[in-house]
Amino acid sequence: MEIAIMFIIKSALVIYGISIVIVLFRTIIGPTTADRVIAFDAMGAILVSTVGILSIVYDTFSYLEASLIIAILAFLSTVGISRFIEGGRVFESKRDR
């Protein structure tokens with residue numbers, strides 16, 4: 001049973017590695033900026049999943065904190081880039097100067 005679980009975990013890491021290469025290609029060659037933003041967000045999700053698998057492999061909970069930080073940073077960067085694409089500003093200032 002242990003051998004089957006390790007095979008599945010190693011297969012998942014290989015699949016995540018292949019998918020990160022594909023998403024990296026889409027991030028660099030994406031035809032539009034929106035495609036690049038979506039690919040960047042997908043890269044964050046893949047990294048969170050990879051860190052979760054590595055947490056299982058090394059039998060530790062300390063990697064889960066890193067995966068939360070990666071998820072938060074990926075979300076905030078996606079929102080910031082999307083707002084910049086939409087209107088050219090990330091933060092709105094309501095004050096008239």
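Here is a short briefing on the fold, helix packing and surface of this protein. The model is predicted: local features need pLDDT of at least 70, side-chain atom pairs count only at pLDDT 80 or more, and totals for chains, interfaces and linings use all residues. Residues are numbered from 1 along each chain as its sequence is written, and side-chain values use heavy atoms, with hydrogens and water left out.

**Fold**
- The protein has three helices and zero strands (DSSP runs numbered from the N terminus: helices are H or I of at least four residues, strands E of at least two).
- From the N terminus on, the elements run α-α-α.
- Along the principal axes, the C-alpha atoms fill a box of roughly 65 × 30 × 15 Å.

**Helix packing**
- Helix α2 (residues 33-58) and helix α3 (residues 62-87) have axes that come within 9 Å and cross at roughly 175° (axes are lines fitted to C-alpha atoms over the stretch in contact, with angles from 0 to 180 degrees between N-to-C directions).
- α2 and α3 are therefore roughly antiparallel to each other (angles over 145 degrees count as such).

**Helix α1**
- Ile-29 is found in helix α1, residues 2-29.

Technical notes. Angles under 35 degrees count as roughly parallel, over 145 as roughly antiparallel, 65 to 115 as roughly perpendicular and the rest as oblique.
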